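Thanks for coming, everyone. I would like to take a few minutes to walk through one model, going from the whole chain down to single residues.

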Amino acid sequence: MDCTRCTSKGCRLSSPCFDRSSEYIEEYETDSVQSVTRAASKLVDDGRAGTLTRLEEIKEYAKLKSYRKIGVAYCYGLEKEAELLRNDLEQSGFQTEMTSCTVDSVPESKVNTTKEDSFVSCNPLGQANVLNHSGAEFAILMGLCLGHDILIQKSLKMDYTTWIVKDRVTSHRPMDALPGYHSKEDRFLEQMDTSFHLVSWEEMAKKIEDPNWKSNLILLDLRGENAFLENGIQGSIQSLLTELPARYRKLLPAQDKEIIIYCNGGMQSLYAVMYLSLKGYKNVKSLGGGYANYIQKTRQ
């Protein structure tokens, strides 16, 4: 079978090229499978597909399944990220069992019998053992080495999901290495318009002449709060560039709305345009020359 070469895609139209569903269809009727499929459906039904991050899906799925304790098997190299995950899970009401790949301090000579090294090895069987005895009802795999992830998956006695796949070369984004695949960064540059996402001071002045501009446009001021309060454009919103990662979702809930960003000189706003574009915003632009130039030109 090679579904990627199929041209009819009949299985998507209820006319598959063959049908072996009789070999497994009754399994869907079992309580254990129904519990999973019903919870999974609630993550994507009614237009919700694409609205939740994977981490948000994991937490909601765990709540739908009434899990109280979640185990995390993580790579020691991602311990800082594991601490963040622990904090987030606990703030969401879950108990956690966090187990590092170096649990039990097993030497590599015991894990790989072809070696004589005495230094501590990754220990996926040890991680599984800890989680299996911890009372965890669900497990999250986080950045385990290839092979080690296979061993822990064979040994876990609970349901699990993989949240992070280790790929040191691509900063744990393995799809970036797929030939022909274009990352968000690639697409941003390839699709950048000839204006380089810049709006002139004349264009912006004309846009906000409309008394109803706020219904179609968001102005984001990256200057400090004092400067914003003293002479910001009325109706705009304020955030420092460094605050955007933590605030952009609440500040800018509508990804399709036009957004014009301005800072004092026009440099920070360019970084913000790239950042938000990579986060999925469709129509983000920077005020060319910055706010200082805008004020100078409009007051002439």
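**From the whole chain to one strand**

Let me begin with contacts, meaning heavy atoms within 4.5 Å: in the protein chain, 58% of the contacts with a separation of 6 or more are between residues 24 or more positions apart. Please keep in mind that this is a predicted model, in which local features need pLDDT of at least 70 and side-chain atom pairs count only at pLDDT 80 or more, while totals for chains, interfaces and linings use all residues. Residues are numbered from 1 along each chain as its sequence is written, and side-chain values use heavy atoms, with hydrogens and water left out.

The protein chain holds 12 helices and nine strands, where helices (H or I, at least four residues) and strands (E, at least two) are DSSP runs numbered from the N terminus. Its radius of gyration, taken over C-alpha atoms, is 26 Å, well over the 19 Å that the globule rule (2.2 Å times the number of residues to the power 0.38) gives for 300 residues, so the chain is more spread out than a compact globule. Along the principal axes, the C-alpha atoms fill a box of roughly 80 × 55 × 40 Å. Of the 300 residues, 35% are buried, which here means under 20% relative accessible area, with exposed meaning over 50% and partly exposed in between (1.4 Å probe, protein chains only).

Now to the sheet. Five strands form an open sheet in the order β5-β9-β8-β6-β7, with parallel pairing, and two strands pair if DSSP finds at least two bridges between them. The edge strands, each pairing on one side only, are β5 (198-199) and β7 (237-238).

Which strands are joined to β8 by bridges? Strand β8 (residues 258-262) runs parallel to β9 (residues 284-287), with three bridges joining them, and five bridges join β8 to strand β6 (residues 217-221), again in parallel. I259 has V284 opposite in β9 and is the bridge partner of I218, while I261 stands opposite S286 in β9.

In a regular strand the side chains alternate between the two faces of the sheet. In β8 both faces are covered, with E258, I260 and Y262 on one side and I259 and I261 on the other, all of them buried.

For contrast, I150 in helix α6 (residues 148-155) is partly exposed, with a relative accessible area of 41%. The C-alpha atoms of I150 and P124, 26 residues apart along the chain, are separated by 8.7 Å.
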